[in-house]
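Let's take a walk through this fold together.

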Amino acid sequence: MSSDGSSNTPSSQRREAVREKAQQVQAQQARARRARRAWIVAGIVILVGALAASVTWAFASTAAKPQAEPQNLSNDGFHITSVAGIASTVGQVGSGATPTPTPSPAADPATPTPTPSSSAAAPVDIRVYVDFLSVGARQFQVANVQQLKKWVTEDAAKLTYYPVAMLTAKSNGTKYSLRSASAAACVATHSPDSFFAYANELLVKQPSADSDGLTDAALADLAAASGASDPKTVRSCIQNEDYAAWVKTVTDRAVSGVPGTKGVSLTGTPLVLVNGTPYMGALDDPAEFAQFVLTIASNSYYKSTVPTPTPTPTATP
């Protein structure tokens, strides 16, 4: 009995030791699994938090970043300060018409006709809303560029161009209307003296409707050829489309209502305003446009010179 008991004791002890070791291994493995799950959960939490923080930062930085706005603005447009780069021609370009007179009030037997430099005759205000893909805008520019140049040179007219994008969907998805307007804003900002020449070139060399239009690189090349004074900066601005968002904003604003007018809204281009009155005549007839300008200038002059009756006070009883 004693020999049998003594022989079984080590075996029982070994089984107990193995069982105990197995339990320890299982417990260790369980702790390792729990630790791995904890690390995985913690990693997911950290990752989600980082993603949330990055998204929040992106939205915050976008909201904080102001929309790039061009310089040298005049009520959403660019006042023409120089007509350099526009070649003079005999007659009007593309029309065969003779040059038209400088806008000034019509002659009156009792009133001397003021000259453009007279303090009594303020320069007529001509505002041109232009989409550089608009066929009508090209017709107006080609027909009237010479007399516009003459009037600006003689200080007979204050000329302002407003680049807008009404035909963005008409260029096979390249958004040429928007890009060319943004490019014009780049030139107006960084090389204002060449803006009029550049706008003229964009219209004279206008691509066909429903084509891809010029690339940003070609738009920058055209700016350099038009005399841009800082071609490197202008090129960077054009190729980055710095003012595309601004063009969208001012286009929407004009569609809602043209600033500085009563009830006039942008429905198509060109929209040409003379002292706030829309021109409704032929776009390719410079003589008709000149007559319209002369008429508006005359009306404005005589309205400003007609004295306002002063009421006579009545005697007090």
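This is a predicted model: local features need pLDDT of at least 70, side-chain atom pairs count only at pLDDT 80 or more; totals for chains, interfaces and linings use all residues.

**A walk through the fold**

As for where they come from, Tyr279 is in the loop between strand S6 (277-278) and helix H8 (286-305), while Phe292 is in helix H8, 13 residues apart.

Now zoom out for a moment. The protein has eight helices and six strands, and going from the N terminus the elements run α-β-β-β-α-β-α-α-α-α-α-β-β-α. There are 317 residues, and 37% of them count as buried. Among the contacts with a separation of 6 or more, 75% are between residues 24 or more positions apart.

Back to the rings. Searching the whole structure turns up eight aromatic pairs. Another of these brings together Phe78 and Phe195, whose ring centres are 5.3 Å apart with planes at 55 degrees, so this pair is tilted. Phe78 lies in strand S2 (residues 77-79) and Phe195 in helix H4 (residues 195-204), so the pair ties together parts that are 117 residues apart in sequence. How accessible are the two partners? Phe78 has 2% relative accessibility and therefore counts as buried, and Phe195 is buried at 2% as well.

Next, look for charged partners. Side chains of opposite charge can pair when their charged atoms come close. The structure holds five salt bridges. One of them joins the side chains of Asp76 and Arg253, at 2.9 Å from N to O. Here again distant parts of the chain are linked: Asp76 is in the loop between strand S1 (73-74) and S2, Arg253 is in helix H7 (residues 244-256), and 177 residues separate them. Asp76 is buried, with a relative accessible area of 14%, whereas Arg253 counts as partly exposed at 36% relative accessibility.

A second salt bridge to find is the one between Arg235 and Asp221, where the closest N and O atoms are 2.4 Å apart. Arg235 lies in helix H6 (residues 231-239) and Asp221 in helix H5 (residues 216-225), so this bridge ties together parts that are 14 residues apart in sequence. Arg235 is partly exposed with a relative accessible area of 28%, and Asp221 is partly exposed at 42% relative accessibility. There is also a bridge between the side chains of Glu201 and Lys205, at 3.0 Å from N to O; Lys205 counts as partly exposed, at 49% relative accessibility.

Now for some helix packing. Helix H3 (residues 176-190) meets H7 at an angle of about 105 degrees, with the axes 8 Å apart. An angle from 65 to 115 degrees counts as roughly perpendicular, and H3 and H7 are therefore roughly perpendicular to each other. On the H3 side the contact is made by Leu178, Ala181, Ser182 and Ala185, and on the H7 side by Ala244, Trp246, Val247 and Lys248. Sorted by class, this contact has six nonpolar, one polar and one charged residues.

Finish with a few backbone details. Thr269 and Pro270 are joined by a cis peptide bond, with omega at about 0 degrees; Pro270 is in the loop between H7 and strand S5 (271-274). Then go to the loop between strand S4 (157-163) and H3, where Asn172 is found. Its phi is near 55 degrees, a positive value in a residue other than glycine, and Asn172 counts as exposed at 52% relative accessibility. Lys175 is found in the loop between S4 and H3 as well, and has a positive phi of about 55 degrees although it is not a glycine. With a relative accessible area of 43%, Lys175 is partly exposed.

How values were computed: Residues are numbered from 1 along each chain as its sequence is written. Side-chain values use heavy atoms; hydrogens and water are left out. Rings of Phe, Tyr and Trp (its six-membered ring) pair if their centres lie within 6.5 Å; planes under 30 degrees apart count as stacked, over 60 as edge-to-face and the rest as tilted. Helices (H or I, at least four residues) and strands (E, at least two) are DSSP runs, numbered from the N terminus. Buried means under 20% relative accessible area, exposed over 50%, partly exposed in between (1.4 Å probe, protein chains only). A salt bridge is a side-chain nitrogen of Lys or Arg within 4 Å of a carboxyl oxygen of Asp or Glu. Axes are lines fitted to C-alpha atoms, for helices over the stretch in contact, and angles run from 0 to 180 degrees between N-to-C directions. Angles under 35 degrees count as roughly parallel, over 145 as roughly antiparallel, 65 to 115 as roughly perpendicular and the rest as oblique. Contact means heavy atoms within 4.5 Å. Ala, Val, Leu, Ile, Met, Phe, Trp, Tyr, Cys and Pro count as nonpolar, Asp, Glu, Lys and Arg as charged, and the others, Gly among them, as polar.
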